[in-house]
Amino acid sequence: AIRGLAATNARRFATIAELADALELRPRRNEEEEEDGRNGKDEEEEASSLVSSSSSKKEKRLYLLDLLYAPRGSTLYSLASTLSRIEDLSHICAWTRALSPEEEGNVVEDAFALPTGKASLTLVELPRLKLAFTAKADHAGVARLFSVDHVDLYVVPDQRGAQAAKLVKDVEHSLLLANAKKEQFSLVPVVIPNRPRVRSQPFSTALVLDRQGTYDGAYDRFGGSDDSRRGAYYAAAAQEFPSTRFFLYGIHVSMAFVIPRGLASALYLLLLRLLKRDYAAAFRLCDSVASDVALSSDELSIFCALAEANDDRAPDAHAVRLKVSLVTHDSGHASPWDLTVEMARYIAKIDHVSAACRLPASQELRLLDSDRIACDEEDPAYEALEHEPHALALNKNRRDALRAALAGKKETNCTTPNRAKTNDPFSLYSDETCFGIAYAEIRDARTLHEYNHALKCRDLLGGDDDDDDDDAEDDDDAKDDD
């Protein structure tokens, strides 16, 4: 301290007290100088930070690109064509960053001070699906559109020509992804599909995705009192649906089948297969949706959506629905269809059920022995307005036959439904429309005499010359009958 004081202020001190006083003032001056230096440094840093923040804000500024009017053959057009498989263009946001100072010199600004020219894709957001993609180069230096949520997965450029495209050809709203190991995945948005009825194409497989209803809460609760296809089988699901906006299915390395991840994803894939009338694939998926516990909100909503295919009366469709009811019997949820009617239709068409969808005898008997199928009017599942005696007889006879077959018996009882009592003697009608007689010429004959009289009055059975002979024959026939 003395040396510093001597270097800065060369003075002579008469006493030690003066030197001590000078030394006490020196630290105070140094502290003031250091504080002034720090204040100046902070001002410089603040100014530099303002400059850097302004430049960083300019670099982080993003511009929204118009995908609807992208030029054909451009990168944006290809992006729009690919991502429109999973989402509407109105809910796809493609962003490009602000141009760098080097690039700004070659770009002209319009009246709104926005850069115009060839834009480079920076970020793609899909808000409804909660997905985001970013453009960057892979390990080989090739520009790819990588997923932000799954950093190692990128969008396959050729969606239709990919090797795994044949496995998801029926899932039209899917997007194929791949990683550096050439493993492929299928990203499928969770949207409830509907299959509209087309009169000219009764076996149509065209689906309409209810995106608006799915995301606006139409499937959050399933009261369904006004919808006859749902009815009381739709249980209430109080939570929001869907909590997961998309499912990611794995593609096996053999490219032979799709691997669902979880019960909800398996149920959704089963719904798509069933609506697409791919009954063999849907039947194979039934074992993947087996559950002995209560279903979650998403699982229950998709399970109830299987009722969208209840109008399908194909033999294999009945087999798929029975299989689903069997594997979910212990979950405690009622099936979204009438099991008594489905079993009766399956039995009536069992000769036309394919081998891939045929239920084993033990599984049929397990369903018939359950309390959800009515075989008699005394069964708890019986409903007088829904179940006809013919359907009850089919179920009961099938159950008895299976019991006898599994027990090694050769004979069993057969039940026939009671014939309906009517006042019309249907056996006295003579339907000869195949010979050219119109239905309007058919007359009601309740007795044999009225029947003979009707035959006599018809012009096609004879002329006027034969009326007497016909009357005589009719009288003889009446006497014989008496």
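Is Lys-130 buried or exposed? Lys-130 is exposed, with a relative accessible area of 55%, where exposed stands for over 50% relative accessible area, buried for under 20% and partly exposed for values in between (1.4 Å probe, protein chains only). The structure is a predicted model, in which local features need pLDDT of at least 70 and side-chain atom pairs count only at pLDDT 80 or more, while totals for chains, interfaces and linings use all residues. Residues are numbered from 1 along each chain as its sequence is written, and side-chain values use heavy atoms, with hydrogens and water left out.

The protein chain holds 14 helices and 14 strands; helices (H or I, at least four residues) and strands (E, at least two) are DSSP runs, numbered from the N terminus. Of its 482 residues, 37% count as buried. The accessible surface of the protein chain is about 29,400 Å², and carbon and sulfur atoms account for 50% of that surface; the areas come from the Shrake-Rupley method with a 1.4 Å probe, and for residues only the protein chains shown count as cover. Among contacts (heavy atoms within 4.5 Å) between residues at least 6 apart in sequence, 57% join residues at least 24 apart.

Strand β5 (residues 123-126) pairs with two strands, β2 and β6; pairing requires that DSSP finds at least two bridges between the strands. With β2 (residues 93-97) the sense is antiparallel, over three bridges, and Cys-93 stands opposite Glu-125 in β5. With β6 (residues 131-137) the sense is again antiparallel, over four bridges, and Val-124 stands opposite Phe-133 in β6. In a regular strand the side chains alternate between the two faces of the sheet.

Most residues other than glycine have a negative phi, and most peptide bonds are trans. Lys-130 is not a glycine, yet its phi is positive, at about 55 degrees. Lys-182 is found in the loop between β9 (175-178) and β10 (184-189) and is exposed, with a relative accessible area of 61%.

Two arginines count as buried. Arg-144 lies in strand β7 (residues 143-147) and has a relative accessibility of 19%, which places Arg-144 among the buried residues. Neighbours within four places in sequence left aside, Arg-144 is in contact with Thr-134, Ala-135, Lys-136, Asp-138, Tyr-154 and Pro-157. Arg-399 lies in helix α12 and counts as buried at 13% relative accessibility. With neighbours within four places in sequence again set aside, the contacts of Arg-399 are Leu-365, Leu-368, Asp-369, Cys-375 and Asp-376.

Helix α12 (residues 389-406) packs with helix α10 (residues 339-348) at an angle of about 70 degrees, the axes being 9 Å apart. This angle makes α10 roughly perpendicular to α12. Axes are lines fitted to C-alpha atoms, for helices over the stretch in contact, and angles run from 0 to 180 degrees between N-to-C directions; angles under 35 degrees count as roughly parallel, over 145 as roughly antiparallel, 65 to 115 as roughly perpendicular and the rest as oblique. The crossing of α10 and α12 is left-handed, the near helix being turned anticlockwise from the far one by less than a right angle (clockwise would be right-handed). Thr-340, Met-343, Ala-344, Ile-347 and Ala-348 in α10 meet Ala-391, Leu-392, Leu-394, Asn-395 and Arg-398 in α12.

Helix α8 (residues 297-304) is largely enclosed by the rest of the structure, because eight of its eight residues are buried. These residues are Ser-297, Asp-298, Glu-299, Leu-300, Ser-301, Ile-302, Phe-303 and Cys-304. They pack against β13 (246-251), α6 (263-275) and α9 (315-327). Helix α9 in turn packs with helix α11 (residues 361-368) at an angle of about 70 degrees, with axes 11 Å apart, and the two helices are therefore roughly perpendicular to each other. At this packing, Leu-322, Lys-323 and Leu-326 in α9 meet Gln-363, Arg-366 and Leu-367 in α11.
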